[in-house]
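Hello,

Here is the structure I promised to pass on. Please open it first, then read my notes below.

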Amino acid sequence: MHTRKFRRIIPAIVGVLLTTWIAVALQQARKVDDNALKNSGKANNGDWLTYGLNQQEQRYSLLKEIDTTNVSRLGLAWTYEIGQGGGNQEATPLVSNGVLYSVTQWSVAFAVDAKTGKELWRYDPKVDRAVTQPKICCGNVVRGLAIYGNKIFVPVMDGRLAAVDATTGKEVWSVQTTPLDQSYTVTMAPRVAKGKVFIGNAGGEYPVRGFVSAYDTDTGKLVWRFYTVPGDPKKGFESKAMEAAAKTWSGEWYKFGGGGTVWDGMTYDPDSNQLFFGTGNGGPWPSEYRQSRGLDNLYVCSIIAVNADTGEYKWHYQTVPEDSWDFDSVQQLTLADIRINGQARKVIMQANKSGFFLVLDRITGKIISGEPFAQVNWANGIDLKTGRPRINPEAFYNKTQSIAVSPSAGGAHNWAPMSFNPVTNLMYIPITASGSMSYRLPDTFTYNPAGQNMGVNFGFGGGGGAGGRGGPAAPAAGRGGPPAGAIADPGAAIGAGQITPAAPPLPPAAGATPAAGAAPVLPMIGPKDKDGNFYTGQWLIAIDPSTQQIKWRVQGGGNVGGTLTTAGNLVFQSLANGRLLAYKADNGDKLFETSTNQTAGQGPPITFMVDGKQYIAVAGGSGPRGGGFGGPPPAAGAAPAAGAAPAGPPPVLPRVYVYTLDGKAANPTPVSAAAPAGPGGFGGPGGPGGPPPAPPAPAGRGQ
């Protein structure tokens, strides 16, 4: 009798144990450790585990089910409505074990089944929007997440960093990374290595001091912090690096914050255990108002390497000494091992906002090469012996003359991701080849401790508070002013793509005498076409970093969207206007084009594999905007203001769009009759799935 019962119990026990073992195995499979991150993009497992796919931030995938022979068969597999929007979808999604994770406006994170698009969870950190809105410089955006162990790390716009359970979306811990009484925001994607999560911040137009922090992934405890500019010398220096940097400033710069925020580019090198990051503009913009004319102002507009364990300074390379033009150096930092002049070199590369493509030795920080990839007139080249750009003295503007500088503050390349293919040895970069902004010092400058302090009068006029550019107050949103949700400051509006930067001024005719009192026209350098003319407009270019040669280019680039390259000899590009294109990686032949039917706010593309099928994913759409100085969009159901224009059709909300071979899903996003669908690569009529192309959306300044 007992034997029979025992025989019946054994299968039940085995079943329970087996179920438990499977559950534990699945839980362990979800965890992402240092080995998984080190091999991300190298082992062909189909996941996308970190912002740049691999720790080198190359955005190169080994997946090749989709290749040059069949990419034209791409069709929609599924879409997922992200939320209400309020800005561009700049986030790079992550994919791990069949789950796609991403984040949207106001730092709302979500997880969906990567095969079907079914929502698994949403996490809302409940940002106090009324308090945070005035602190947002350049658009309500966020660029991504990080994954480590079984946690998803969420950057929160109000300065927090949150860790949530990857399976449930429940908050595990949350920490405030920035001072609550200052105008910091957080928009960058965190990076993770060796049990630490790294995060910077934005806000360089406000009186803030940039820094990078490392937190323990298990507890959220601060491990180390590295400041990018020195503070008040009377209070002592946090490190020898800050003591050295203080010698490149003068006066009472620290009262203005100094800037140097870290709001995008960051890369970890597991071989050298170095963390690299780029720093933003000085604050205020002109060195004159930082009381530091003629000084470098370290470490603004620099690429910095620190020990990832301790935050100890290792080296720096300053891309723009004494920056006065908002040439942040926070653009993507990509690592690679390449051959230059017959020698194997370990390099770090950046397509800098200032218009130079930089190749540095990532062990020493010494520059190897730097050449312009767009029109540049603030400098006439880079001295490779000293590593310093040769800045045109006339580029430093004053109170009497407005100087037109190229590139504009939007940059020749900004946050939109580039990608590097080690097989073709080409970097694929979306750029703005021509752009210009005129700068003049205001007659008076009054420091505003609670607002922006750009300290510039822009050539195209516009508003700005007395503590901003020194001009008259900006008109209120509404009649005669910017629309609700618009960004009032012209410099910031260029950053968010709401104003198109001016074209560079034409040089005087040969032998012509400049008009009396005319501002100097700075000499231009940069790539030229076969007829000897500078390239203009927006392009996707393919640069060989070993030689600095541009091997091919196609129309359609700018500072929104981004690129991805794969072992299928493909380059995928998303454009600001909602289009997705594919080119041959080796020669730029266009093979595919479609439209999401969104007209703005496109994010960068990624690829992943689930159950042996490869997918391409991209998010797009802005919905009703509300991330600047115009205030948030009206609440749902709110009555229109007196005298307001009649309401139009409901806004098209942002979505994630996922494509696969022979996908047949219907696109729920309607085609807009006035859709500014952008260039189809080489120009000409649009491709399948959307309206005919038109000029792309303007470049963005970022932050």
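Start at Pro407. Pro407 sits in the loop between strand E27 (403-405) and strand E28 (419-421). Strands (E, at least two residues) and helices (H or I, at least four) are DSSP runs, numbered from the N terminus. The peptide bond from Ser406 to Pro407 is cis, with omega near -5°.

A word on the source. This is a predicted model, where local features need pLDDT of at least 70, side-chain atom pairs count only at pLDDT 80 or more, and totals for chains, interfaces and linings use all residues. Residues are numbered from 1 along each chain as its sequence is written, and side-chain values use heavy atoms, with hydrogens and water left out.

Now look at Tyr299. The peptide bond from Leu298 to Tyr299 is also cis, with omega near 5°. Tyr299 lies in the loop between strand E18 (282-283) and strand E19 (302-307).

Next come two asparagines. Asn97 has a positive phi of about 50°, although it is not a glycine. Its loop runs between strand E3 (94-96) and strand E4 (99-104). Asn97 is partly exposed, because its relative accessible area is 39%. Buried means under 20% relative accessible area, exposed over 50%, and partly exposed in between (1.4 Å probe, protein chains only).

Asn425 has a positive phi of about 55°. Asn425 is in the loop between E28 and strand E29 (426-432). Its relative accessible area is 18%, so Asn425 is buried.

Last, the cysteines. A search of the whole structure finds 1 disulfide (a pair of cysteine sulfur atoms within 2.5 Å). Cys137 and Cys138 form it, with their sulfur atoms 2.0 Å apart. Both Cys137 and Cys138 are buried.

Best wishes
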